[in-house]
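Dear colleague,

Please find the structure below, together with a short account of what was found in it.

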Amino acid sequence: MATRKFRCKVCGYVHEGDSAPDKCPVCQAPASEFEEVTEGKPDKKLNTNSNTYTIVYAAVMVIVVAFLLAFVNSGLRDKQDENIRLDTKKQILSSLGITSDNAGADYDRYVKRDVLIDPATGMETEEVPAADFSTNYDNEAKAGRLHVFVCDVDGETKYVIPVNGAGLWGAIWGYVALDADKQTVYGTYFSHASETPGLGAEIAGEAFQDQFNGKKVMDGGNVALSVVKHGTSEGSEFKVDGISGGTITSDGVNNMLHTCLHNYVNFLTAK
Amino acid sequence: MSQLLSKKNKEALFTPIGKNNPVTVQVLGICSALAVTSKLEPAIVMGLSVTVITAFSNLVISFIRKTIPNRIRIIVQLVVVAALVTVVSEVLKAFAYDVSVQLSVYVGLIITNCILMGRLEAYAMSNGPWSSFLDGIGNGLGYAKILIIVAFFRELLGSGTLLGFKVIPDAFYAAGYANNGLMLMPPMALIILACLIWYQRARNKDLQEK
């Protein structure tokens with residue numbers, strides 16, 4: 001056994017040995033004035049600096065926080081998913097120029113069918129049931145599932161095509177609504193994950209989106225709808241002005257339109 | 001409970017809003033002041049979110065301050081802040097989806113806000129829960145105040161709008177007035193901030209170095 005320690009209660013001198021000394025060498029107090037110092041055994045106070053305590057503390061903290069977050073996440077998951085679905089529907093409606101407080105009901109009213117098309121023929125291959133409504137069209141496009149929403153606005157058929165791309169800081173996406181001739185833009189909706197407020201983020205503003213209305217998508221067999229440098233689009237039926245100061249985001253929108261709509265060329269040219 | 005608003009607690013609540021402002025005096029949280037102030041609305045929401053999170057992280061840390069091992073205290077603080085921020089962002093997504101979309105990345109940015117760590121280290125680690133809570137609210141509001149002032153000038157002069165509404169009449173533009181695009185760039189946030197610091201130091205003799 002390791003040496004025990006005894007402290008003099010009068011002067012605080014600590015003696016190391018098997019038992020208390022007969023007399024304190026400092027203050028001459030008798031052995032009865034000594035008490036054993038109990039180290040290792042928890043005193044009435046925890047030693048918060050020991051390694052064991054630190055490791056246990058960290059482990060417990062991480063587990064508690066992990067459970068808390070998992071609990072919050074699973075508790076709120078359904079509600080969040082529902083919000084995201086509603087928000088996606090709202091965005092699709094917004095491309096049709098419909099602002100809605102009740103996106104769920106209005107979506108059912110205006111959007112008649114959610115169909116997949118075959119890029120090679122441009123023909124419809126299957127209809128997506130309402131229960132399988134997707135909220136991530138980037139993944140859908142990568143999986144080769146090309147969605148078209150067939151809509152009915154005041155008796156006229158409109159087609160909405162989802163588009164996805166990258167801006168300056170993160171993802172950008174949107175929906176392009178076309179008239180029944182599949183050539184004229186009826187309306188657009190763009191949004192972004194984290195573009196610069198006041199600059200690139202303006203793609204989510206009406207001023208930018210309204211420029212697309214009435215423009216043509218295709219020139220010959222190619223996608224011609226483009227976003228160009230601010231102030232150079234005048235007189236063109238294919239081009240819209242980019243945002244000055246938001247060049248990379250504007251270019252991102254341009255690339256997004258070209259890449260995504262390219263998959264739909266056969267659908268757009270099919271009569 | 002007679003000391004709910006004792007002199008010390010009042011100080012904890014009010015000095016950060018004015019004389020000991022975390023942004024202009026302690027110069028903390030500058031990076032987010034650049035990022036979110038080009039428009040007034042995100043600045044307001046960010047200010048409020050930071051207030052809520054500083055208050056509650058101060059409260060939690062103050063409750064457990066005596067049990068925290070000294071060597072990993074920064075990590076403990078960070079975990080508490082990160083957990084709170086995640087919970088707040090999950091709750092926003094479930095119950096206020098529109099607000100959470102608007103805030104997007106800013107909620108996550110709160111974790112890196114040095115005002116939080118600063119207050120936890122300097123105040124919550126050595127003070128009781130109630131005064132720490134007040135200190136958190138005070139510092140959060142002090143931060144929000146500066147953000148709102150900076151965003152006010154940047155949105156007004158940079159976009160000619162306030163909270164998205166046009167306030168500069170078309171007649172001004174017709175007469176040759178133009179929005180200052182530089183106002184929307186981060187450097188102008190720094191310059192406006194510097195002007196605020198200048199103003200506060202000029203008014204407050206205590207803050208001037210000899």
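Predicted model: local features only at pLDDT ≥ 70, side-chain atom pairs only at ≥ 80, totals over all residues.

Is L147(B) buried or exposed? L147(B) has a relative accessible area of 1% and is therefore buried, where buried means under 20% relative accessible area, exposed over 50%, and partly exposed in between (1.4 Å probe, protein chains only).

Residues are numbered from 1 along each chain as its sequence is written, chains are lettered from A and ligands numbered from 1 in the order in which they are written, and side-chain values use heavy atoms, with hydrogens and water left out.

Chain B as a whole

The secondary structure of chain B consists of ten helices and two strands; helices (H or I, at least four residues) and strands (E, at least two) are DSSP runs, numbered from the N terminus. Read from the N terminus, the order of elements is α-α-α-α-α-α-α-α-β-β-α-α. Chain B has 210 residues, and 47% of them are buried. Among its contacts (heavy atoms within 4.5 Å) with a separation of 6 or more, 76% are between residues 24 or more positions apart. Chain B exposes about 10200 Å², of which carbon and sulfur atoms supply 71%; these areas come from the Shrake-Rupley method with a 1.4 Å probe, and for residues only the protein chains shown count as cover.

L147(B) belongs to helix 8 (residues 129-159) of chain B. Leaving aside residues up to four places away in sequence, L147(B) touches A33(B), V36(B), T37(B), A43(B), M46(B) and G47(B). L147(B) and L34(B) are 113 residues apart in sequence, yet their C-alpha atoms are 8.8 Å apart in space.

T161(B) lies in strand 1 (residues 161-162) of chain B and counts as buried because its relative accessibility is 13%. Its side chain makes a polar contact with the side chain of E155(B) (2.9 Å). A polar contact is a pair of N or O atoms within 3.5 Å; within protein, one must be able to donate a hydrogen and the other to accept it, and residues adjacent in sequence count only if both atoms are side-chain atoms. Beyond residues up to four places away in sequence, T161(B) touches E155(B), L156(B), K166(B) and V167(B).

Chain A

In helix 2 (residues 103-110) of chain A, the residues A103(A), G104(A), D106(A), Y107(A) and Y110(A) are buried. Their cover includes helix 1, strand 4 (111-117) and strand 6 (146-153) of chain A.

F267(A) is located in helix 6 (residues 265-269) of chain A. With a relative accessible area of 7%, F267(A) is buried. Not counting residues up to four places away in sequence, F267(A) touches I117(A), G122(A), V148(A), Y159(A), I161(A) and K182(A). One of these, V148(A), is 119 residues from F267(A) in sequence and 9.5 Å from it in space, C-alpha to C-alpha.
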